[in-house]
Amino acid sequence: MSDKPEKFIDENGLRLDGRRIDEIRPMKMEIGVLSRADGSCYLEWGKNKVLAAVYGPRELHPRRLQKADSVLIRYRYNMAAFSVEDRIRPGPSRRSTEISKVSREAFEPVVLTHLYPGAVIDVFAEVLQADAGTRTAAINAASVALADAGIPMKGLVSACAVGKVDGKLVLDLNKPEDNYGDADIPMAMTSDGEITLIQMDGDVTQEEFKQAIEMCKEGCRQIMEIQKETLRNKFTKLDEVDISDDEEDVDVSALVESTLESAEDDDIEDKESDSDEEEDATPESSEEDEDIDVDESHSDFEAVELVEDFEESFTDVDEEEDVSDGEDDEEKD
Ligand code: UDP
């Protein structure tokens, strides 16, 4: 590990990597990079490289883990052994378990979990190269991968950290700032500015904490633009493509051609009324109905969500300046 720098911010207000204090590292994303996943995204953010894959919704086994009234989201954050300077021991650690938990919780408020009772959505975030901010990088990639998988969500989630070095708040910490700074506050939020993850390491004053949230909102707003652009690029292209026998194009047609009527078919109440003989709500008692619903409804739902929700959330971007207040009372970790 390199030594602690004497100064993190120079006389021109620039950081060690040449960024301004409120500037995020360059970010690029590629969507649909894994053919066997339902949704995927590869993200590079500064020197971070992260791959996110989403599988599902699909029936959860063993059935005793099923939730009667909602889908189960599982999120696994993992750092590859070769992703850091000193090799990491493969397998789960306290750190990765904690990050997986808080990241899963960051998505729970936005995923429409009630639509797929008894099912599971698996999110895998693999850090291939780490350079500070990997949990937030993983959330940004996972958010796009979930959208790519057609998972119905209220909107995207974006994440970024704010820290403190040389007595100043800085957006999107680089490695030395993360290692030697006075604070590290990773956050994730929706396009409405609702905070779905906030952690804090180090010390800041109450006033600085409020400023950090505002700074992070601006960072997340920029990240959400990139996420939406990534999705828009894929789905606009898909919109223009003719239906062909190519496997990907078949998906495209499902996405583009489905109508709102088919959305109603997927409605949760319809699903329940399908299972006439269902007497209690335990997953075990409605195994067959759920088997069918989870699988068959997926592709239609993708279409509806893409047509409706993404368009809606694209409009949100423009209205997002007013990322609202009102979450200043968020919990600190
Ligand atoms: N890191 C490392 N080994 C570890 C954990 C972390 O080298 O076992 C590095 C890695 O570059 C990571 C950074 O330290 O990005 C900051 O880690 P932190 O736990 O703050 O999480 P992150 O900022 O990546 O979300």
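I started at Gly 219, which is buried, with 23 other C-beta atoms within 10 Å. The cut-off for buried is 20 or more such atoms, so Gly 219 qualifies. I am working from a predicted model.

**Entry: around Gly 219**

I placed Gly 219 on helix H4, which spans residues 206–240. Next I listed what Gly 219 touches, not counting residues up to four places away in sequence. The list is Ile 24, Cys 160, Leu 171 and Asp 172. I also checked a C-alpha distance, from Gly 219 to Ala 159. The two are 60 residues apart along the chain, and their C-alpha atoms are separated by 8.1 Å.

**Entry: strand E6**

Ala 159 and Cys 160 sent me to strand E6. Is E6 mostly covered or mostly open? I found it mostly covered: nine of its nine residues, 157–165, are buried. I then sorted the residues by the way they point. Val 157, Ala 159, Ala 161, Gly 163 and Val 165 go one way. Ser 158, Cys 160, Val 162 and Lys 164 go the other way. Both sets are buried, Lys 164 included.

I looked up the partners of E6 next. With strand E8 (residues 183–190), E6 pairs in the antiparallel sense over eight bridges. In that pairing I noted Ser 158 opposite Met 189. With strand E7 (residues 168–171), E6 has four bridges, and these two strands also run antiparallel. Here Val 165 stands opposite Lys 168. E6 and E7 form a hairpin with two residues between them. I checked the turn: Asp 166 has a positive phi of about 50°.

**Entry: the five-stranded sheet**

I moved on to another group of strands. Five of them form an open sheet in the order E1-E2-E3-E5-E4, with mixed pairing. The edges are E1 (27–31) and E4 (72–79), each of which pairs on one side only. I read an average twist of 15° from one strand to the next. Inside the sheet, E2 (residues 39–45) and E3 (residues 48–59) run antiparallel and share seven bridges. One pair I picked out is Cys 41 with its bridge partner in E3, Ala 52.

What lies across this sheet? I found helix H2 across E1, E2, E3, E4 and E5, running at about 150° to E2.

**Entry: the core**

I asked which residues have the most contacts inside the largest nonpolar core. They are Ala 52 and Ala 141, in a core of 76 residues. For Ala 141 I left aside neighbours within four places in sequence. The remaining contacts are Met 29, Cys 41, Leu 43, Val 50, Ala 52 and Ala 125.

**Entry: the ligand**

I counted 13 residues around the ligand. The closest are Val 84, Ala 130, Ala 132, Thr 134 and Arg 135. By class, I have seven charged, four nonpolar and two polar residues in the shell. Helix H2 (134–148) supplies at least two of the shell residues, and so does helix H3 (175–180).

**Entry: whole chain**

Of the 333 residues, 42% are buried. Among contacts with a separation of 6 or more, 72% join residues 24 or more positions apart.

Methods. Residues are numbered from 1 along each chain as its sequence is written. This is a predicted model: local features need pLDDT of at least 70, side-chain atom pairs count only at pLDDT 80 or more; totals for chains, interfaces and linings use all residues. A residue is near a molecule or strand if its C-beta atom, placed from the backbone, lies within 6 Å of it. Ala, Val, Leu, Ile, Met, Phe, Trp, Tyr, Cys and Pro count as nonpolar, Asp, Glu, Lys and Arg as charged, and the others, Gly among them, as polar. A residue is buried if 20 or more other C-beta atoms lie within 10 Å of its own, exposed if 12 or fewer, and partly exposed in between; C-beta atoms are placed from the backbone. Two residues are in contact if their C-beta atoms, placed from the backbone, lie within 7 Å. A nonpolar core is a set of buried Ala, Val, Leu, Ile, Met, Phe, Trp, Tyr and Cys residues joined through C-beta atoms within 7 Å. Two strands pair if DSSP finds at least two bridges between them. Axes are lines fitted to C-alpha atoms, for helices over the stretch in contact, and angles run from 0 to 180 degrees between N-to-C directions.
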